[in-house]
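Biologist: I would like to learn how to read a few features of a structure. Could you take me through them one by one?

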Amino acid sequence: MDRFRTTGAARRLIAILVVLGIAFATTAAMAKGDTTGDPPSAGAATPDAQSTPDTPAPAQSATPPVSPAAGDDDAAAPSATDDTAPENEGFDYAGTVAALGEANYPEKRRIVSALASHPQAHTAELLAAFADNRLVARESDGKVFVAEENGNDYDLRDPITFEPAGRASTRDFDPVRTNIGLRQNIGAAQAQLKLSAEDAETRLAAVETMSEKLDDNAADAMRAHRASETDDDVLEAIDRALAINDLNTGDNDAKLAAIERLSGDNSQMVYNRLKNMLILIPEDTADADQARLRAAAAEQVERIDWWRTVYDYLETLFFGLSLGSILVLAGIGLAITFGVMGVINMAHGELIMLGAYTAFVMQQLLPGHIGLALVLAVPAAFIVSGLVGILIERSIVQWLYGRPLETLLATFGVSLFLQQLVRSVFTPLNRSVASPEWMSGLIRFNDLFALTANRLVILAFSMAVFAALILVMQKTSLGLKVRAVSQNRDMARAMGIRTQRLDALTFGLGSGVAGIAGVALSQLTNVGPNLGQSYIIDSFMVVVFGGVGNLWGTLVSGLSLGVLTKFIEPQTGAVLAKIIVLIFLILFIQRRPRGLFPQKGRTAEGS
Amino acid sequence: MTRTHANHGPVLTRMLGDTGSLIFVVVLIALTVAIPLCNLVAEPGSALHVSNFTVALIGKYLTYALLAVALDLIWGYCGILSLGHTAFFGLGGYAMGMYLMRQIGDRGVYGNPVLPDFMVFLNWDTLPWYWHGMDIFAVAMAMVVFVPGLLALVFGWLAFRSRVTGVYFAIITQAMTYALMLAFFRNEMGFGGNNGLTDFKDILGYSLSSDGTRVALFVASGVGLLIGFLIARFIVTSRAGRVLEAIRDAESRTRFTGYRVELYKVWIFTISAMLAGVAGALYVPQVGIINPSEFSPIASIEAVVWVAVGGRGTLYGAALGAGVVNFAKTWLTGAFPEIWPYALGALFVAVTLFLPKGIVGLVSQLRRQIRRKEPS
Amino acid sequence: MLKKTTRHKLVTRVLAPALLTFGAFTGAHAAEDAKADCPIKVGVLHSLSGTMAISESTLKDTALMLIKQQNEKGGLLGCQLEPVVVDPASNWPLFAEKARQLLAQDKVDVVFGTWTSVSRKSVLPVFEELNGLLFYPVQYEGEESSRNIVYTGAAPNQQAIPAVNYLMNEVGVERWVLLGTDYVYPRTTNKILKQYLMDQGVAESDIMINYTPFGHSDWQSIVSRVKAFGSVGKKTAVVSTINGDANVPFYKELANQQISAADIPVVAFSVGEQELSGINTGPLLGHLAAWNYFQSIDTPANEQFIENWHAYTGDDNRVTNDPMEATYIGFNLWTKAVEKAGTTDVDTVIDTLPGLKVDNLTGGTAELLPNHHITKPVYIGEITDDGQFSVVWETDDEVPGDAWSDFLPDSKKLKADWADLDCGHYNTETESCTGQSAEQ
């Protein structure tokens, strides 16, 4: 074992040489089987090709234990069916597989690509096993196996023939690791094997998967396949992929044709490659062809850039509205407890937090129904936070009306209490609230513009909550009474309004809305004991900026602060942006001491 | 809360005419003298001995008490609720911290004679302009009162001139301290970012870790609190103090009577900020670090809570509140690390509900009850 | 004979009291007490409330578990260990106060604690003044070495640089976004990384650095900028030093804007199993973290540790993470040193510590170096859909921790050596201990 350990470096060298050999073999095969008349692309594909022809020999002499190197005709691939093709000539399948054991990631990627181009009977299975992390290498000699875990042992299979190869302890093996990039390459390689599937849909899917990880092997495979392809959609997809590939590796004419073919395509992949072309060709190139090419690419890039700028502004606006909608959600409950009732409710943040935890609990109660749980969490959070709010009002706040500054002290105590309560019940760790399907991912409008689903949903949700609240305040008798009490408590009581009960209900309403905000926030941020703390200051700012006691003010102030922040942020960075917004707020209050929409009347003066 | 003050007679009788204040001053002087003696003279192990730990702890409480007095001066006597007073406390602390930082000289880990360590490792090659002169004690001490004072002056002038009052004022002071916190977090500001200023070695040539220096700082804090308290008492018992109380109780009416309300407010706010700055400056060498978390909005709210717990509008009540709440925190976080926030939260609620005038109010209430019983 | 007794008398009557008084004044007697004290007191200084409780409370539990296990094995030097838990409440000055309380009032023999750099910085003077011993279990920015602190978390060269090497050599990244929270750890790490990348031939225009405030929760624009930065045709990666609370919204935004790990991988230095337990990792598959330990690493020691942890917490879903392993290593280093020294006396233990080796949980050895840092293996893991990491790359050997980075001009010349030089910042150019020369 020790002997092999010490030869690690040697084996690594062999692996590299094998890979170089593959490159050579591929080039050779290309030259033979090329039907599209595009030889330069093959040359460009493997820069090492020129230097390879001689290297296999020394490699072979240095590698008795591992495998014969590339170029060895009677390779150890024993039972492989020979009908797969002329291009398998000169390709050392077994040696290539064996090299996986010691390869690094770039080498592994090349190996995978080469295997897909020279498939044998079990290549698809091998690739599937590799993608599932079921390939292992024996520690003692680096030999590669396909393994199935069985207790503390592995059931082994030969990676070439897939014959069982015994059983051994897992401790004797190292995994042949994959990373996400490699798994994508494997996916593309698997797709390549499916190119000849019966079903046109499968072929189309295969071409699309391959397009995502285009390398020259994949392009060659597509090019080879193109001749026999009959389906128009697949042909279209292949042509697009080949054109994109040409942007990198074609000759000047091919590149120009590709630019022509792809004009109007704004996708990232095209843009990236065009941009790269601009980097590679110097601006003052003397070569007329190159200059022409550069101009064509520049024109496309310019066009895409222009659209990008337009969409960037749209996107920033959306980001601002989305941030604003969260500020509105967080602040709107406070606009009632603080704005309408005059309670400096420092526990507001904790009521939001309770709502977020309600979402978590609902998801625990309804495992498997993420979306349903979240929808049900909205009324549940309203009830939970609302009841806690009523409890706070009945037990503490009701004794303090008319002494707003003392409500600050008492509710500060309540907030400490609630935070610790959550810590005791749910531990101090963050809880995970999952996002349902319809709230994850992007809603794509075109190649350049997409909005995140969750932000859109929350923006709409925020507006809905606001609308509902306005309706309650304007159209229901509860709302009428609340407004009456906030304008003149004594008069309202004289008119027969049970102010005590109403206070409790109003406070409960504000708290309940805070709880609803918590459900929305659970989709964006940490659900933990500190959730409330991070929103309390912003909430107060929003309410004060909008004008205490005015719900519309809260809406306008939240949205405008959000948009303002997002338009400053790209210039100054997030920290300075926040400072600037705060200073703006201070100065604004100096100009308009009662916010955007000051409440008029006698009581407004009393605070 | 209105109280008639003896407005004539010698200043001292006027200031200490109130029993509570007199008791407070006597107790404070006794503490300032006795604790150092008990620490330095009494043998360790004897009943009278006060440990270094206790000295440092009480020294810290004294600086908090001074902050509370400053806060009570504006809140209790002028009705200005500042939820950003730790901003001034922090600025004073940073001024002191800068002085202490410069005293390190070339004893920092990188051995740079001029630049503090954090600047060296951020590759700064020159000292920012505002750090110049801070190695001179007198300059630094001037900054301790000047910087908070200036900020309060500008901020107060802007706010009071346009009649920002009540909760609006409270919320924009929160915005102010929050903005300062974020700004000081930024490394570009040149104040050590999140880590702040730390690793101090000595003050006026005396090592900060020696017992003597610690006791001296303790005495300085005691004296600082005493002077701060007397200044505050002097103001509230003067004619101006009565105008302040009038503003607190009926601002519009006072204005219509012909007083320039905003001038009174700006001026008391500025003095209060300077006192807070001094408190910060005394605090820093005793805890050994100053960083932006001192500016956190929650810290400011906590300071208001101290005043409320002790009893608003008495000055000594505020100092007492700072001591009680912080002692409770020290004790509870050690004794009940897992559940102490319940106790502290409950304390705040209980005080608001049952002791609307704070601990001091409880005492006078008890006294009144006793007095009422006596005649019957 | 007579002479001998008088000499003896002289010693007992005159010298001893003088020495004793002297000892009382210098505080040297504290050490004498410690040796005789039973039980041995172990301080635990982690925030149990406030913003840092999310991370730190787990380490308190870890320390308590290790103490319990040690006691079940019969304690240490025939003494039982007694934990002293305090709550510094995520409040930095309170950290200093609590440290003083542990050392001066409770007279603990060792302290396990602190998480953030600022909390360590605020207790450091206290530990140096009162001659305590602190084991610090979290990865940090380096640029420090105190005689009274043992750093069992990673220094930048044990986390950041290997991670960048992986991305550069194995993934082929050419363009870099360094995202961090605006405080000293990200600042320093990014500074080191930028220098390192430029030394490797990366152009300055291919490096984007961005800082956000603590607890930043709105990542829309930044993520979108990262996307734009990564769209010029060069393979781009994000190196994230974003701090605790801001990570969940950051990753949620990444998932929502569908930045796949295959296009723009994000490698994080502050996101471990525990942070992931607050996120649904489905959309984050393949993003990376660099640590010195992963729960998923399959060794008998780790299996045992996880089993004990589950038994101790009574919760089979509780995850383990890197700082827990660092606490484990620190605790074992300390017990080993105490056993070897035969005393808990801080000076003796500090002298005994350098060179000690204990097993880590991933099948290797952690050796305490003279600079008070330890050797650690480096693993790069990809996020899997069960909230764990699967290792995609690891260093061949353990990497020794560097107290002073070689990539910062002023720190290059410094080295720490508490075994021979007795100095935490020895200037190799002037061959003197910076700072101390002036004091003497």
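Modeller: Let's begin with surface patches. Patches are made of residues with over 30% relative accessible area and no salt bridge, where like charges are joined within 9 Å and nonpolar side chains (Val, Leu, Ile, Met, Phe, Trp, Tyr) within 5 Å. Accessible areas come from the Shrake-Rupley method with a 1.4 Å probe, and for residues only the protein chains shown count as cover. This is a predicted model, in which local features need pLDDT of at least 70 and side-chain atom pairs count only at pLDDT 80 or more, while totals for chains, interfaces and linings use all residues. Residues are numbered from 1 along each chain as its sequence is written, chains are lettered from A and ligands numbered from 1 in the order in which they are written, and side-chain values use heavy atoms, with hydrogens and water left out.

Biologist: Which residues form a nonpolar patch on the surface?

Modeller: Look at Ile29(B), Val33(B), Leu37(B), Leu40(B) and Val41(B), which together have about 460 Å² of accessible area. Ile29(B) sits in helix H2 of chain B; helices (H or I, at least four residues) and strands (E, at least two) are DSSP runs, numbered from the N terminus. Buried means under 20% relative accessible area, exposed over 50%, and partly exposed in between (1.4 Å probe, protein chains only). Ile29(B) is partly exposed because its relative accessible area is 42%.

Biologist: And which residues gather in a patch of negative charge?

Modeller: Here Lys and Arg count as positive and Asp and Glu as negative, while His and the chain ends are not counted. The place of a charge is taken as NZ of Lys, CZ of Arg, CG of Asp or CD of Glu. The negative surface patch holds Glu198(A), Asp199(A), Glu201(A), Asp232(A) and Asp233(A). Asp232(A) belongs to helix H11 (residues 232–249) of chain A, and its 58% relative accessibility is why it counts as exposed.

Biologist: Now salt bridges, please. How many does the structure hold?

Modeller: Side chains of opposite charge can pair when their charged atoms come close. A salt bridge is a side-chain nitrogen of Lys or Arg within 4 Å of a carboxyl oxygen of Asp or Glu. Over all chains there are 48 salt bridges. One of them joins Asp538(A) and Lys578(A), at 3.5 Å from N to O. This pair links distant parts of the chain, 40 residues apart: Asp538(A) in helix H22 (residues 533–546) and Lys578(A) in helix H24 (residues 574–591) of chain A.

Biologist: Is Asp538(A) buried or exposed?

Modeller: Asp538(A) is buried, since its relative accessible area is 17%, whereas Lys578(A), at 24%, counts as partly exposed. In chain C, Lys194(C) pairs with Glu204(C), their closest N and O atoms being 2.9 Å apart. Lys194(C) lies in helix H7 (residues 184–199) and Glu204(C) in the loop between H7 and strand E7 (207–212) of chain C, so the pair ties together parts 10 residues apart in sequence. There is also a network of salt bridges linking Arg455(A), Lys566(A), Glu569(A), Asp218(C) and Glu253(C).

Biologist: Last topic: how do I read strand pairs?

Modeller: Two strands pair if DSSP finds at least two bridges between them. In chain A, strands E3 (residues 153–157) and E4 (residues 164–169) run antiparallel and are joined by four bridges. Asp155(A) has Arg167(A) in E4(A) as its bridge partner. Six residues lie between the strands of this hairpin, and Phe162(A) in the turn has a positive phi of about 60 degrees.
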